[in-house]
Amino acid sequence: MSARIEEAAAIGSVATPSAAVAAWHAEQGRRRMAVLVGRILVGIAIITIWEYASGRWIEPLFISSPSRVGTRLWRWTVTGQLWNHLSITLYATAIGFAIGSSVGFVFGILFGRFKTIADVFDPYITAIYSIPKIALAPLFIIWFGIGIESKVAVSASIVFFVVFLNTYAGTRDVNQLYVHSTRIMGGSELDILRYVVVPSAASWVITGLKVSVPYALVGTVIGEFMSANRGIGFVIAQATGLFDTTSVFAGLVTLGVVGAIINVALKHVEIRLLRWKG
Amino acid sequence: MGISVRGVEKRYVSRGKETSALQHVDLEIASGEFVAFVGPSGCGKSTLLNMIAGIVPASTGQILHDGRIVADANRNVGYMTQGDSVLPWYTVARNVDLPLKIQNVGADERKRRVADWLGRVGLLGFEASYPAELSGGMRKRVALAQVLVYDPSTLLMDEPFGALDAQLKLLMQAELLKIWETTRKTVVFVTHDLAEAVTLANRVVVFSGRPGRIKLVEDIPLAYPRDPFRVRFRPEFEAIYARLWDALAPEIAKGEAI
Ligand SMILES: Nc1ncnc2c1ncn2[C@@H]1O[C@H](COP(=O)(O)OP(=O)(O)OP(=O)(O)O)[C@@H](O)[C@H]1O
Ligand SMILES: [Mg+2]
């Protein structure tokens with residue numbers, strides 16, 4: 001009798017988890033599917049309401065309509081206009097991002113490793129950080145002209161702070177036990193940087209990079225708003241001046257889609273690089 | 001040669017408060033010795049090991065290792081710390097490989113030695129796992145392989161087998177004894193398991209309760225090679241164990257009373 005009970009318990013303890021795991025997987029799958037369907041439905045609903053409202057409830061001058069925006073985007077695409085403007089925006093964003101993040105990374109590591117220097121500069125950094133970088137855009141245009149350089153400067157200055165502050169925090173967060181044991185096994189300062197400090201700070205740095213890519217795009221577009229002769233920001237600003245809401249929306253949709261694509265890509269990079277967190 | 005601890009004291013200052021962790025320690029460890037430290041929790045065993053490793057400065061006195069004063073990180077020891085020092089962002093194999101890579105050992109040699117040591121600590125098949133995916137005892141074994149793989153002449157080990165089950169502990173003790181008997185490295189081994197200390201060491205140092213002081217140093221006259229599975233059944237073992245226990249027990253009791 002008791003043997004049978006134990007046997008049943010033994011079977012139960014093996015069989016139940018696998019059934020539970022299967023149920024869990026099925027549940028997760030159902031949930032993902034429901035979310036996907038929900039997303040598509042919401043998208044369709046927004047476009048339908050927008051299309052219906054345009055011309056019936058609200059003047060098309062104010063909100064244009066999905067069909068008009070779609071047509072406009074298609075025309076821009078075939079004439080090559082879209083790429084002409086988008087490429088310059090992406091280019092400025094990428095350069096601004098590259099400069100801002102590499103300078104931010106280097107300074108973050110330096111400040112993180114030398115606490116006294118960091119303490120001396122701390123109030124000034126906080127002060128500069130508190131200034132909205134958008135307020136610097138006019139200054140950058142005076143310094144660097146209306147060409148691509150001023151847009152790069154705006155996005156680089158935004159990216160710099162996000163990456164700098166995250167790298168700094170990550171570097172301060174390094175477990176000293178790892179530093180000591182690596183040093184004892186013969187590691188030089190460079191080895192410690194490579195094998196301990198940088199990987200340890202990586203999750204902070206990656207978070208910083210992830211947050212700052214959309215900021216870099218915003219920085220570039222703001223620069224283009226203020227003065228430019230090319231770029232998506234320029235297209236939007238010019239269309240606004242002409243009350244061409246269709247083009248304004250087409251520009252905004254383009255920015256939204258680009259931003260979403262970049263975010264998905266970054267998420268994948270993050271998952272790959274932080275696999276060890278398990 | 002060996003390790004020479006001369007009039008060392010340690011006081012920690014934290015948040016404006018001073019606590020004495022270790023009171024005047026004098027100790028000579030000849031090279032090739034296997035010395036075990038036992039003592040109640042908090043008596044400063046890890047502190048002393050950290051000072052020999054050069055990652056914590058002594059408040060008074062000095063420590064010499066192979067004739068040189070230990071002033072900063074001591075690169076002539078291998079140190080298996082009490083805390084988890086395995087790097088969580090590298091796989092098991094990369095962690096074990098790290099000291100070899102740092103010391104510019106050739107790639108083929110590195111591969112061979114890493115595989116050899118992972119086998120000896122029973123971690124074959126876990127090369128590509130990350131530490132977060134292992135149990136506490138498995139992480140300890142990674143740390144053990146990491147410190148043995150580069151063959152340092154002096155080993156500092158802080159409760160290396162504390163997280164292992166009784167069987168595995170005996171296997172690891174046997175492995176360590178085999179290494180020591182063939183290479184005669186200097187080993188300083190901290191444990192709270194008195195039987196382990198007697199099984200392995202040729203000399204056991206008993207510390208008093210906090211703040212620590214050396215209470216008793218005892219030679220262990222059990223001939224090597226020793227078999228950790230059987231040595232505890234030798235009649236001399238019991239007598240030695242009892243003598244050490246008589247010194248240790250009141251210290252532990254004092255700790256409990258506080
Ligand atoms: N960084 C520190 N700052 C302040 N006090 C410390 C510090 N490290 C250790 N101590 C104190 O020093 C004393 C000795 O600590 P230590 O870690 O050396 O003990 P231990 O003998 O290794 O104990 P256990 O067997 O529990 O590992 C303890 O009382 C502890 O509170
Ligand atoms: Mg300890």
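Why does Leu110(A) count as partly exposed? Leu110(A) counts as partly exposed because its relative accessibility is 43%, where buried means under 20% relative accessible area, exposed over 50%, and partly exposed in between (1.4 Å probe, protein chains only). This is a predicted model, in which local features need pLDDT of at least 70, side-chain atom pairs count only at pLDDT 80 or more, and totals for chains, interfaces and linings use all residues. Residues are numbered from 1 along each chain as its sequence is written, chains are lettered from A and ligands numbered from 1 in the order in which they are written, and side-chain values use heavy atoms, with hydrogens and water left out.

**Nonpolar patch, chain A**

- Leu110(A) lies in helix H4 of chain A; helices (H or I, at least four residues) and strands (E, at least two) are DSSP runs, numbered from the N terminus.
- A nonpolar patch on the surface is formed by Ile99(A), Val103(A), Val106(A), Phe107(A), Leu110(A), Phe114(A), Ile117(A), Val120(A) and Phe121(A), which together have about 780 Å² of accessible area.
- Patches are made of residues with over 30% relative accessible area and no salt bridge, with like charges joined within 9 Å and nonpolar side chains (Val, Leu, Ile, Met, Phe, Trp, Tyr) within 5 Å; a salt bridge is a side-chain nitrogen of Lys or Arg within 4 Å of a carboxyl oxygen of Asp or Glu.
- Helix H4 (81-113) and helix H5 (115-130) of chain A each supply at least two patch residues, and H4(A) gives the most, with five.

- Strand S1 (residues 3-14) and strand S2 (residues 17-29) of chain B pair in the antiparallel sense over nine bridges; two strands pair if DSSP finds at least two bridges between them.
- Ser14(B) has Lys17(B) in S2(B) as its bridge partner.
- Two residues stand between the strands of this hairpin, in which Arg15(B) takes a positive phi near 50 degrees.
- S1(B) is also joined to strand S4 (residues 60-65) of chain B by five bridges, and the two run antiparallel; here Glu9(B) stands opposite Thr60(B).

**Six-stranded sheet, chain B**

- The order S6-S7-S8-S3-S9-S10 (chain B) describes an open sheet of six strands with mixed pairing.
- Strand S6 (77-80) and strand S10 (214-219) of chain B are at the edges with a single partner strand each, so one side of each has no neighbour in the sheet.
- S6(B) pairs with strand S7 (residues 154-158) of chain B in the parallel sense over four bridges, and Val77(B) stands opposite Thr154(B) in S7(B).

Key
Areas by Shrake-Rupley, 256 points an atom, 1.4 Å probe, with all protein chains shown as cover.
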